[in-house]
Amino acid sequence: MVNTPTLETPRLRLRKFSENDLEALLMIFSDFETNMYLPWFPISTLEEARVILNTRYLETYMSQEGYNYAICLKTDDIPIGYINVSTDESHDLGYGLRKKFWHKGIVTEAGKAILEQIKKDGIPYITATHDVKNLRSGEVMKHLGMHYQYSYEELWKPKNILVTFRMYQLNFDSQDTRVYRTYWNKYALHFIETDI
């Protein structure tokens, strides 16, 4: 069980989303470029933002499943993105940030804070995947100390597009050679790239 404690870094406050964040959620999830490499389509209304708030955030806070944070600058405490780690066996790290705030090291800074928290909580490893076309997301994973393991091809819903993903992993315990193989086993087309 996870209680999503508030985390702070020099520039950022990572906290739970609240009812007051609907407009900020709309800004994040309506940004076409932010959502280009994510499975869902951009949203356009506050009602859609409310659905995201309820299903992705408020419900998970009640069930204490997963780490689901709003990324806020300390200067105004308004969400500019999100970062999360699932509590299923993948311990999948995911993130998104409004384009206006790209190239400032914000997701890496937020990622280091959440990694410290999950290590403290005894999570043994994390994984993360990125579309091979989204190289900047892969750079974030590398900056967090994650290591490339393998690639695989998946038909991504609801966009219904064939995507090649790269899977990265970081182990926090002594099992340095552990590799999360679920995607490798699940998808017929999988391979290891040698030029990464």
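**Close-up views of a predicted model**

**View 1. Helix α3 and the residue that follows.** In α3, the buried residues are Ile106, Val107, Thr108, Glu109, Ala110, Gly111, Ala113, Ile114, Leu115, Gln117 and Ile118. Buried means under 20% relative accessible area, exposed over 50%, and partly exposed in between (1.4 Å probe, protein chains only). Helices (H or I, at least four residues) and strands (E, at least two) are DSSP runs, numbered from the N terminus. The model is predicted: local features need pLDDT of at least 70, side-chain atom pairs count only at pLDDT 80 or more, and totals for chains, interfaces and linings use all residues. Residues are numbered from 1 along each chain as its sequence is written, and side-chain values use heavy atoms, with hydrogens and water left out. α3 is mostly covered, with 11 of its 15 residues buried. At 1.5 Å a residue, the 15 residues of α3 should span 21 Å, and the end C-alpha atoms are 22 Å apart, which agrees. The expected span is 1.5 Å times one less than the number of residues in the helix. Glycine 122, with a positive phi near 90 degrees, follows α3.

**View 2. Helix α2 and its kink.** The 18 residues of α2 (residues 46–63) should span 26 Å at 1.5 Å a residue; the C-alpha atoms at its ends are 24 Å apart, which agrees. A kink of about 35 degrees is centred on asparagine 54; the bend at a residue is the angle between axes fitted to the seven residues ending there and the seven starting there. Ala49, Ile52, Leu53, Tyr57, Thr60 and Tyr61 are the buried residues of α2. Their cover includes β2 (12–15), α1 (22–30), β3 (67–73) and β4 (79–85).

**View 3. The largest pocket.** The largest pocket holds about 1,400 Å³ of space. Of the 50 residues lining this pocket, Leu38, Gly94, Tyr95, Gly96 and Ser137 are the closest to its centre. On a 1 Å grid over the protein atoms alone, a pocket is an open set of points where a 1.4 Å probe fits, with protein on both sides within 12 Å along at least five of seven lines; lining residues have an atom within 4 Å of a point. Grid points are joined across faces, edges and corners, and a volume is the space filled by probe spheres set on the points. The largest share of the lining, 6 residues, comes from α4.

View 4. Glutamate 193 lies in the segment after β9 (190–191) and counts as buried, at 17% relative accessibility. Leaving aside neighbours within four places in sequence, glutamate 193 is in contact (heavy atoms within 4.5 Å) with Val132, Tyr148, Ser151 and Arg166. The C-alpha atoms of glutamate 193 and arginine 166 are separated by 8.9 Å, and the two residues are 27 residues apart along the chain.

View 5. Most residues other than glycine have a negative phi, and most peptide bonds are trans. Aspartate 77, in the loop between β3 and β4, has a positive phi of about 60 degrees and counts as partly exposed at 26% relative accessibility. Histidine 91, in the loop between β4 and β5, has a positive phi near 50 degrees and is buried, with a relative accessible area of 10%. The peptide bond from lysine 157 to proline 158 is cis, with omega near 5 degrees; proline 158 is found in the loop between β7 and β8 (161–171).
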